[in-house]
Amino acid sequence: MNKESMTRELVLPGDLLDAGTMKPGEGTYVHDGKIFAAMLGIKSVKSNFVNVIPLGGRYIPAPGDMIIGKVIDIGPSNWLVDIYSPYPAPLHVNEVPWRVEFGDTARYLAVGDTLLAKVLSVDETKRVQVTMKEQGLRKLQGGQIVEISHSKVPRVIGKNGSMIQMIKTYTNCRIFIGQNGRIWMDGNMEDMVHAMQAIKMIDEGAQTLKLTERVKEFLESVYRKEE
Amino acid sequence: MARSVVSEIKRDHIHRLIADGRRVDGRAWDQYREIMVQTNVVETAEGSARVKIGNTEVIVGLKMTVGEPFPDTPNRGVLSTNAELIPMASPSFESGPPDENSIELARVVDRGIRESQMIDLERLCVEPGKKVWINFLDIYVLDFDGNLFDACNLGAVAAIKSATVPAKANGLGEDFPMPVTCTPVAVTSVQIENSILVDPTLDEEKVAADRLTVTTDDNGDLRAMQKGLSGALTLEQVRTAIDTSRRLGAEIRKLIG
Amino acid sequence: MGGNSDMKLIDENGIRIDGRKVDELRPIKIEAGVLKSADGSAYVEIGKNKVLAAVYGPRECHPRHMQNPAKAIVQCKYNMISFSVSDRKRPGPDRRSVEISKLISEAMEYVVFTENYPRTSIDVYIEVLQANAGTRCAGLTAAAVALADAGIPMKDIVPAVAVGKVNDQVVLDLNKEEDNYGQADLPIAMIPRTGEVLLMQMDGHLTQAEFDQALEMGVKACHEIYEMQKDALRRRYAVVSGEGEEETKGLVHAMTEEA
């Protein structure tokens, strides 16, 4: 990574990003041959593409995304899943790891249940289908749920997973991160409180300097105290 | 709809925390969130206040005009209280005329002020049977994170206390401060898993079985109460909630002096 | 427009009753991200106007028949709270607020990339807390900041200002007295960079020459307000150069599949 792309420059909608040498990437638009920011975010240049990495906004599903969903309605042959997005996603009985008879859906997943699922398909009008038919996908029980902006997910994970690994190591919690911004964790009550505080810190300070160090300091301070 | 379905995991988590003697935001059961009160925030009102309790925020304005008294109270001013749950404040609020929630809210706030005789309505009589001051108390919820009853009461009381009666503009002599006799304070608790928690957040309200609002006056006497939600309280829980309301009510009263 | 030009609102030195010059804006304060529940929000003070704007969305569009399978709809609701004006206003929409809401919705629809979010609604709520002439412009100015704060994809941020005529002179950003006793009112919203006009209304009486002068004044003021809008957003997202902790998308997979 060169020095230039490491500078976290805030851009606003309508800000000029490039006047002719680069190609328009995510979060940008072209007007009169120039590239402008289409949203508030951080300017990022990768292989001659200029992008804007959002700092907020709603999660828009893409096929293959691992998400954490919440059952909000039940039909005879499907469940409706809220995926923390403008688009609710149906989960069809053929897309669950169990054999479900017609009309028997409520026996398997109830309204209010939380599940680890994957986005199967998204059509051009953003009609979404999700699936649980893959190893590791399942209903989540116990623990707790935190919701953050989907745009902060990469920061919670950190470079090569360093941030989340650090939180897991200190708190001994099991943590699943959905691409949609929902995070599930399980562990001791005390540990979950700390893990949640750490995640809140990242959520609120995602664009600030030395975030990893600050989160580390925080975890260090609470766990040193307890020993 | 998505928002109205409470995740089982969240519900269980709140229950487990409470069984462990804790709350989601780390507060003690009888601990209030941070309160911020700002008065005279709107010049076009005779009195106004903006109040924050944690992330819950309301703005209240009092407008006064001269009008006719009710026939059964010819020598008393009139108080009319209205609450608006505007869609700005929450993804679950919708545009439209006041629904049962905002009507209940307005009536509970009104009751606390009326029953404590906070406003000396007799001093708001201009000409018995003909002319009295009409008070329009309008409450707008701007940001909703639970416990609207207390926030709206506090906003209403602060707005009334800050008000100046616009006598001059109405050709009735010099302006004078709103005649106020006491400071009624509402303190609300909820019951979750047989525990009584004061000043609930939205997440706590969503899983609560009962809600009890207790409005006390300067002496710590009870002036208005409202039990809400479809659970049942034991007599012991009622007493606990009242004790908390009297104690915290006295502290909150100092804030708005 | 009262049109009562006998009322002296500008003195012989060209100074207005609130001490401003004819081409001077009232003091402006803009803050982004002031509400917790909303996806984006802004608070704007222009002189004695106090306005809040909140954005929710894109979210599922209700009622369903309003959904557009090709794009999001932008629904702005402008409202004056009951005690924002000298005579108490009955709560609820009136004909004036319905018209203003429609115009602001249309202006915002132009700048938002609605095709990114088919079948959804982007809802913008504007609440005037204290009114002193120019509330629709203050409201639109706040709405644009709130939309950007909500992370909504949009072409640009939109400022708005009113220009008018008082004592036969063109003046910028009318206050309440000038609005009541002035001779013309011309609210304008535009994208300063491109010169695209997104809202324009006029009432009163302007000659072609006066209109040209008013427009020039308005455009210049829009540039100023635009900078203040951007400044508010920059303050809210105060960014320092970071250590480059960006992450790739694929990793989320690895993380969730582990355990």
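Let's start with one loop in chain B. B:Asn40 sits there, between strand E1 (35-39) and strand E2 (47-53) of chain B. Keep in mind that this is a predicted model. B:Asn40 is not a glycine, yet its phi is positive, about 50°. Is B:Asn40 exposed, partly exposed or buried? Count the other C-beta atoms within 10 Å: there are 15. Exposed needs 12 or fewer and buried needs 20 or more. So B:Asn40 is partly exposed.

A:Asp32 has a positive phi of about 55°, and A:Asp32 is not a glycine. Where is A:Asp32 found? In the loop between strand E4 (28-31) and strand E5 (34-37) of chain A.

E4(A) and E5(A) pair in the antiparallel sense, over 4 bridges. One of the pairs to look for is A:Val30 with its bridge partner A:Ile35 in E5(A). These strands belong to an open sheet of 3 strands in chain A. The order is E2-E5-E4, and the pairing is antiparallel. Which strands stand at the edges? Strand E2 (16-18) and E4 of chain A. Each has a single partner strand, so one side of each has no neighbour in the sheet. On average, neighbouring strands in this sheet are turned by 45° against each other, direction ignored.

Staying with chain A, turn to where chain A meets chain B. There, 13 residues of chain A contact 11 residues of chain B. Which strands of chain A supply at least two residues each to that side? Strand E8 (66-74) and strand E14 (144-147). What is the make-up of the chain A side? It divides into 6 nonpolar, 4 polar and 3 charged residues.

On to chain C. Chain C has 259 residues, and 56% of them are buried. Its elements number 5 helices and 10 strands. Now take the contacts in chain C with a separation of 6 or more. Of those, 70% come from residues 24 or more positions apart.

Chain C has an open sheet of 5 strands. Read the order as E1-E2-E3-E5-E4, with mixed pairing. At the edges stand strand E1 (28-32) and strand E4 (73-80) of chain C. Each has a single partner strand, so one side of each is left without a neighbour in the sheet. Neighbouring strands here are turned by 15° against each other on average, direction ignored.

E1(C) pairs with strand E2 (residues 40-46) of chain C in the antiparallel sense, over 5 bridges.

Next, the prolines. The peptide bond from C:Gly57 to C:Pro58 is cis, with omega near 0°. C:Pro58 lies in strand E3 (residues 49-60) of chain C. Another cis peptide bond joins C:His62 and C:Pro63, with omega about -5°. Where is C:Pro63? In the loop between E3 and E4 of chain C.

Last topic, the helices. Helix H1 (residues 95-111) of chain C lies across E4 and strand E5 (120-130) of chain C. H1(C) runs at about 145° to E4(C). H1(C) also packs against helix H2 (residues 135-149) of chain C. The angle is about 40°, and the axes are 11 Å apart. Roughly parallel would need an angle under 35 degrees, and roughly perpendicular starts at 65. H1(C) and H2(C) are therefore oblique to each other. Their crossing is right-handed.

Which residues meet there? From H1(C), they are C:Ile100, C:Ile104, C:Ala107 and C:Met108. From H2(C), they are C:Arg136, C:Gly139, C:Leu140, C:Ala143 and C:Leu147. By class, the residues of this contact are 7 nonpolar, 1 polar and 1 charged.

How values were computed:
Residues numbered from 1 in each chain as written. Chains lettered and ligands numbered in written order. Predicted model: local features only at pLDDT ≥ 70, side-chain atom pairs only at ≥ 80, totals over all residues. Pairing = 2+ DSSP bridges. Axes fitted to C-alpha atoms, helices over the stretch in contact; angles between N-to-C directions. Contact = placed C-beta atoms within 7 Å. Parallel < 35°, antiparallel > 145°, perpendicular 65-115°, else oblique. Left-handed = near helix turned anticlockwise from the far one by under 90°. Nonpolar A, V, L, I, M, F, W, Y, C, P; charged D, E, K, R; others polar.
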